[in-house]
Each structure stands twice: as structure tokens, then as C-alpha cells.
Amino acid sequence: MQFTQLQYFVAVAETRHFTRAADLVHVAQPSLSQQIKALERELGADLFLRARGNITLTDAGEALLPLARRILADADTARYEVQELVQLRSGRVRLGATPSLCTGLLPDVLRAFHDRYPGIRLLIEEGGSHDLVRELARGALDLALVVLPLPTPSPALTTVELLREDLVVVSSPEAPKPGDGRRTVRVADLEGERLVMFRHGYDLRELTVAACRAEGFEPDFAVEGGEMDAVLGFVRAGLGVAVVPRMVAARSGRGLRVTPLARPGLHRTIALAHRSDVAPPRAARELQRMLLER
């Protein structure tokens, strides 16, 4: 049974005339008649009683008509839904990002995307780069913002560098200034500080600990195991200092003192990643474009 055969059948049923039905569906009348006959052969029953000037439905035709109309209506609905997606009026984007990027980079970009495409649902998953890479690989995410280099490089992923961000030291204004009050702090100066440290698996934890060890000392943790908001809250309370991205420090509001790291400082490279073997959906590609052009 072909889709066009059902279209022709409904047209004849509604007009009760083969020639008018052919005009309605923009096909030659002989072609329409041949398709109706082919449909009847496939179903094994006549659909119309054909008398000169009088076309009526048989019992089989009466039974098929509501079903054919439903199939055609469902096809129209499917066509509309796809067009909605193509034109970015509906759909979803599943985006993974590290918590610090959810705090620093994403709010402005997501607001601009939502203003432009209010019908697109944004599903955000926070996690470390290792977790996000795994979620990308199993198809649970369309895009992910990750920190390079990846903990486990994967040829199945395509990454595009997005930005290189400075890290800074944040502390409570009521606490003594880190680095003996100098305008910048060296990584070596953190040897005398108690650090508020992120949980295991957090990219910033690995980066900070590696930098301290490169200077010949093990960092001293006052508190460890928190997410970004918790770490900033502990620093405000005066429990210690923390190394965080500059964008996060800039958006964190009052209650924090921000001290740059002396050159060469610490940096991290943020990349946008997606699976190499599957093109992201149209809405995800549009968000990708906005992130790259921000």
C-alpha cells in the first residue's frame, strides 16, 4: 500500500468523482484510476461502486476511509514536527559542561540562545571532563564543554578550542592577603596557604595540585570535596584560599578578594566537543556556532 494511493482514495471518496479527484491531487485521471485499481487488488476488495455519474463507497471503502484519513493526518503532523525542528522552533540540546563553566561562560550565551530560539529546550549536565567525555561517547549528550587535554584522548570525539582562560586566587577580604600582600601571587606562595579544594575528578583540582607539586610542595587542604559554589562559600567564610577561573571570580559578586597569579601563571584551555561519527542536531549546531562566535 502506497501513501499516494491513500491520497487518491480519499480524494475520490470526498469528491465522489474520479476526474475532480484527479484535479484535486494534480494528477492525470487515468493515473489516478490505475492507482485506485492497484490499491483494490492489494486489499482484495472493491472500494467504490462505479455507476455512470454515481460513485459510492463499498463497505470496504467505508471501513478504509477513516483509517486513510488518520494516516494522512499523521503524515501531515510528522511533516510539521520535522519542519519545526529544521526551523529551530522546537527540539532540545543536551549540553555538558564543567561546573565552573556553568557559572562563568554559559549564562550569557544560553540567555542569548534562549532569546533567539525560545522553543528549544536546554538540558544541562554538570560534570568533570572525564565524565562528560564518557556521556558524549554513549550518546547521552550532543555537545560538551571540556578542559584540554582530555584525561583520556578519544579519536571518536572532535574538539574545537574555544578559549584559554587565566586562573586566579580568591580569598576572603577579612583574611590576610595571600603572597604577603603583593599584587600578584606565585604558585610557590601557595605553600604557606591553606587551600579550599574541589572534589576528586574536578579538572581544577588536578591542575592546581600538579602546579604545586611542580614547585616542590604538597598543597595543604583546609577543606576539600566541594563543588564550585561550595568552594566559593568556604572561601568567603575565611576557611582558606582557592584557585578558580577568572570568569568565575568576576561573576562571584561581593565577599571575595581576587589576586592574579604572577607570570607565567596558570591557565586552562576550554574546548567544545562532540562525537565524530554523528553530526550534532540542528539546534545543537546553532548553539555551537553561538559559542564559537561569542
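Start by selecting R116, which is partly exposed, with a relative accessible area of 47%. Here, buried means under 20% relative accessible area, exposed over 50%, and partly exposed in between, using a 1.4 Å probe and protein chains only. Before going further, a word on what you're looking at: this is a predicted model, where local features need pLDDT of at least 70, side-chain atom pairs count only at pLDDT 80 or more, and totals for chains, interfaces and linings use all residues. Residues are numbered from 1 along each chain as its sequence is written, and side-chain values use heavy atoms, with hydrogens and water left out.

E286 and R116 form a salt bridge, with their closest N and O atoms 3.7 Å apart. (A salt bridge is a side-chain nitrogen of Lys or Arg within 4 Å of a carboxyl oxygen of Asp or Glu.) This pair ties together distant parts of the chain: R116 sits in helix α6 (residues 106-116) and E286 in helix α11 (residues 282-293), 170 residues apart. Helices (H or I, at least four residues) and strands (E, at least two) are DSSP runs, numbered from the N terminus. Is E286 buried or exposed? E286 counts as buried, because its relative accessibility is 11%.

How many salt bridges does a search of the whole structure find? The search finds 20. Side chains of opposite charge can pair when their charged atoms come close.

Select R182 and D189 next: their side chains meet in a salt bridge at 2.4 Å, N to O. R182 is partly exposed, with a relative accessible area of 37%, whereas D189 counts as buried at 14% relative accessibility.

Then try E227 and R199, a salt bridge whose closest N and O atoms are 2.8 Å apart. The two come from distant parts of the chain, 28 residues apart: E227 is in the loop between β8 (220-226) and α9, and R199 is in the loop between β7 and α8. E227 is partly exposed, at 36% relative accessible area, and R199 is partly exposed too, at 21%.

## Into the core

Time to look inside. Select V170, L190, F198, M228 and V244, the residues with the most contacts inside the largest nonpolar core, which has 29 residues. A nonpolar core is a set of buried Ala, Val, Leu, Ile, Met, Phe, Trp, Tyr and Cys residues joined through side-chain atoms within 4.5 Å. In soluble globular proteins, nonpolar side chains tend to be buried together.

To see where this core comes from, colour β6 (157-171), β7 (194-198), α8 (203-214), α9 (228-236), β9 (242-245) and α10 (246-251), the elements that give it two or more residues. Apart from it lies another core, of 25 residues, including C102, L143, V147 and A283.

Zoom in on V244. Leaving aside neighbours within four places in sequence, V244 is in contact (heavy atoms within 4.5 Å) with D166, L167, V168, V170, F198, M228, L232 and A249.

Q5 counts as buried because its relative accessibility is 4%. Which residues does Q5 touch, not counting those up to four places away in sequence? They are Q35, I36, A38, L39 and E42. With Q35, the side chain of Q5 makes a polar contact of 3.1 Å. (A polar contact is a pair of N or O atoms within 3.5 Å; within protein, one must be able to donate a hydrogen and the other to accept it, and residues adjacent in sequence count only if both atoms are side-chain atoms.)

## Two loop stops

Select T58, in the loop between β2 (54-57) and α4 (59-86). T58 counts as buried, at 11% relative accessibility, and touches D46, L47, F48 and L49, not counting residues up to four places away in sequence.

Finish at S90, in the loop between α4 and β3 (91-97). S90 counts as buried at 19% relative accessibility. Beyond its neighbours within four places in sequence, S90 is in contact with E84, L85, G119 and I120.
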